[in-house]
Amino acid sequence: MPVIQVEHLVKRFGPITAVNDISFDVEEGSIFGFLGPNGAGKTTTISILCTLLSPTSGRAVVNGYDCRLEPQKVRKSIGIVFQDTTLDKDLTAYENLAFHAYIYGVKKSEVRRRAEDALSFVGLTDRKDDLVKRFSGGMKRRLEVARGLMHQPKVLFLDEPTLGLDPQSRSNLWEAIIELPEKHGMTVFMTTHYMEEAEVCGRLAIIDHGKIIARGSPEEMKGIIGGDVVYIKTRNNLKAKEEIKEALGMTAEEKDGELFLTVENAEASIPPLIRAIAETALSVRIERPTLNDVFLKLTGKEIRREEAGGADTIREEIRAWRRKH
Amino acid sequence: MIELNLELNAIYVIVARELKKFLREKSRFIASLARPLIWLFMVGAGLSRIVSPRAGMPYTQFIFPGILGMTILFSSIFSSISVIWDKEFGFLKEILVAPVSRSSIVIGKALSGTVVSFIQAAIILLFFPLLGMHLTLGQVMLALFISAAVAFSISAFGIVLASFYESYESFSVIMNFIIMPMFFLSGAMYPVRLLQTPLRVAASVNPLTYGIDAIKNALFTAGQGPMGPDFSLGLDIGVVLASSVLFVVLASRFFERRA
Ligand SMILES: Nc1ncnc2c1ncn2[C@@H]1O[C@H](COP(=O)(O)OP(=O)(O)OP(=O)(O)O)[C@@H](O)[C@H]1O
Ligand SMILES: [Mg+2]
């Protein structure tokens, strides 16, 4: 039973149709990535799911409760980190967390411990008693994530959780977010502009102009591009071409002195390929389609590109995480 | 039972937040006491030179209930208007996605205004000996009780107002077109019965009129002629309580409404 079900959801603001008949499910305990260019309708969808907006038509169900008909039960099931900050800047970090805990009915005896755990979780323990107005943007963001976790919700909505974070904090936060489904059985619904983050999501949906234009796992998405590309440098391109044709029945093409061919699965194709051109091959290189390629192909826009440093650390996190699973 | 606990918790924490912020802003507190004192000892004292003492009591004594009403009016509205701040800075969303009923949110907000106003009104009330008034403990207690009730009603009214406005720029509109007329048409400065008919009608639909009149009933001893209270204490308190309920219900409605 999916923990989020969206059926033919439509939201209009006057003449603007922000969400235009979208449907999707999110499985319990998964990380679901919602991607799309600016103004695509991501935040609007989240606002409906977290009961702040009513849909114009269609249905949204969270944790078995209809968002329009049983908002109170939906609210009990969810936590959310909004795109724009919603902290009280005149309170301290601890007071913001405590307020949240009380209003969600966390037991009094639990509040302090949970707040301390949450603060250390996002690395803000030493700023516990500072007023939030003295926090940097990144610190506020981290505090908001900590706050969203205080009441241990079943579903956590994150609207661009890592926006404005430096690479270090971003990868720390990521490490934490990735563990949520396993450690706490939480389902994470998130929007992001970073493709490294999108890669880690179990399932993705790409929304543009209020419509979902693609859905699936990151691998399935990349399938849209049509496979991996293998580039081969050889001593003799002509000879290699013939050998490939003979052994694999495929025609390699030539570009900038290199041979290349598109294959469905590079790992499986390389051994026979190498065997066929063992004599002439100098080097082999694989290029996989990225989600950015997919995004670009579908929406005509790039997902925001990541600066090198940040991307590397995130990639490392993701690799480490993949190894564990 | 657990549900009720959750609602009470929410009310408590909303009030605690407001109070914490109020106590942190000492300058706001001092400024908010300065306004009524200026009115009492400058405007009141000045006007008392041209209002005949034969009218029944010195003018500074006459406007004392009005000044208490003013203290409550301003600080309650200020406190409730913070809902607009919360909208603008996003914190209202944090409150609105919480699993508590919208009425608890409104009651919590209204009680925040009540506590803050009550503290100020109680401090102003202590100035009575300087005005040459002689009050019994019973009168002071009654005036305090009434102040709390009026503060709640006006705070709830402030939340209704705040729910109409999106940004803090609207504050001056609220100030000039709602708060100032409410103050001047409340019997604070002059007895309602002496007003011309249109103004008298306006005053009689103003909840603050009854609040101030109730304080007059508590502080003035009987038989003070034209300067005395305009209505009976029962009617005054009835209107204050009924309007409180009305405003809480209205404000909850507005909070329940989703775009
Ligand atoms: N309250 C509103 N009133 C009118 N139009 C709105 C409102 N909220 C959103 N919109 C419009 O709906 C569309 C979708 O906005 P939304 O905020 O959902 O986009 P988004 O995908 O979250 O974009 P971003 O990546 O920039 O955050 C936009 O055209 C926006 O202008
Ligand atoms: Mg958005």
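Is A:His209 buried or exposed? At 61% relative accessibility, A:His209 counts as exposed, where buried means under 20% relative accessible area, exposed over 50%, and partly exposed in between (1.4 Å probe, protein chains only). The model is predicted, so local features need pLDDT of at least 70 and side-chain atom pairs count only at pLDDT 80 or more, while totals for chains, interfaces and linings use all residues. Residues are numbered from 1 along each chain as its sequence is written, chains are lettered from A and ligands numbered from 1 in the order in which they are written, and side-chain values use heavy atoms, with hydrogens and water left out.

Confidence comes next. Chain A has a mean pLDDT (the predictor's confidence in each residue, from 0 to 100) of 87, and 93% of its residues reach 70 or more. Over residues 305–312 of chain A, pLDDT stays under 50, and the model has 8 contacts beyond four places in sequence for this stretch; contact means heavy atoms within 4.5 Å.

Two histidines carry backbone angles worth a look. A:His209, in the loop between β9 (203–208) and β10 (211–216) of chain A, has a positive phi near 50°. A:His8 has a positive phi of about 50° although it is not a glycine; A:His8 is found in strand β1 (residues 4–13) of chain A and is exposed, with a relative accessible area of 51%. Helices (H or I, at least four residues) and strands (E, at least two) are DSSP runs, numbered from the N terminus.

Turning to the metal, the magnesium ion (ligand 2) is coordinated by A:Thr43 through OG1 and by A:Gln83 through OE1, at 1.9 to 2.1 Å. This pair links distant parts of the chain, 40 residues apart: A:Thr43 is in helix α1 (residues 42–49) of chain A, and A:Gln83 is in the loop between β6 (78–81) and α3 (93–103). Donors are N, O and S atoms within 2.8 Å of the metal (3.2 Å for Na, K and Ca), and sites may look incomplete because water is not among the atoms. A:Thr43 is partly exposed at 32% relative accessibility, and A:Gln83 is partly exposed at 30%.

Elsewhere in chain A, A:Arg114 sits in helix α4 (residues 108–121) and counts as buried at 17% relative accessibility. Leaving aside neighbours within four places in sequence, A:Arg114 is in contact with A:Val106, A:Met150, A:His151 and A:Gln152. In chain B, B:Ser117 belongs to helix α5 (residues 102–125) and is buried at 0% relative accessibility. Beyond residues up to four places away in sequence, B:Ser117 touches B:Ile72, B:Ser75, B:Ser76 and B:Ala151.

On a 1 Å grid over the protein atoms alone, a cavity is a set of points where a 1.4 Å probe fits but cannot get out, and a pocket is an open set with protein on both sides within 12 Å along at least five of seven lines; lining residues have an atom within 4 Å of a point. Grid points are joined across faces, edges and corners, and a volume is the space filled by probe spheres set on the points. The largest pocket has a volume of about 800 Å³. Its lining has 25 residues, of which A:Leu52, B:Lys87, B:Leu92, B:Leu96 and B:Glu166 lie nearest its centre. The structure holds 1 cavity of 30 Å³ or more.
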